[in-house]
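Hi there,

Here is the structure I promised to pass on.

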Amino acid sequence: MAESKKKCRQYSVDYLKFGFIESVSDKRLPMCLLCNRVLCHDAMKPSKLEDHLRRWHPDKRSKDLKYFQILKEKLQKSNSRWTECLLRLHKEMIMVSKRLIIFRYL
Ligand SMILES: [Zn+2]
């Protein structure tokens, strides 16, 4: 019986050297740190990731892992700031809607 099972490749931290992290929305998909493009699951191969870096960001090809680590940290910090901002906004909206409900019944 032939093996027709498709190998499901997972994100590896090694892919950071090509400028890729796992996508925030779907951890099975690779996301480019340089252009924020999320590639399809078929692109989760070192050769495809390297190809993206070479084609779309030729000026960043010679960058080392440290460069991409800094980019990753910056992105994570900005994401957590954005989440805090959304949470604050959400709480304010709840307060406003509660006030509106109270106002309606006065
Ligand atoms: Zn890119």
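**Contacts and overall shape**

Of the contacts in the protein chain between residues at least 6 apart in sequence, 41% join residues at least 24 apart (contact means C-beta atoms, placed from the backbone, within 7 Å). Please keep in mind that this is a predicted model: local features need pLDDT of at least 70, side-chain atom pairs count only at pLDDT 80 or more, and totals for chains, interfaces and linings use all residues. Residues are numbered from 1 along each chain as its sequence is written.

The protein chain has two helices and two strands, in the order β-β-α-α (DSSP runs numbered from the N terminus: helices are H or I, at least four residues; strands are E, at least two). Its C-alpha trace spans about 70 × 45 × 20 Å along the principal axes.

Buried residues make up 10% of the 106 residues (buried: 20 or more other C-beta atoms within 10 Å of its own; exposed: 12 or fewer; partly exposed: in between; C-beta atoms are placed from the backbone).

Helix 2 covers residues 65–104, and among its 40 residues the count of buried ones is one. Glu73 sits in helix 2 and is exposed, because 10 other C-beta atoms lie within 10 Å. From Glu73 to Met95, 22 residues along the chain, the C-alpha separation is 33 Å.

Leu33 is worth a look on your screen: leaving out residues up to four places away in sequence, Leu33 touches Gly19, Phe20, Ile21, Phe68, Leu71, Lys72 and Leu75.

Best wishes

Technical notes:
Expected span 1.5 Å × (residues − 1). Contact = placed C-beta atoms within 7 Å.
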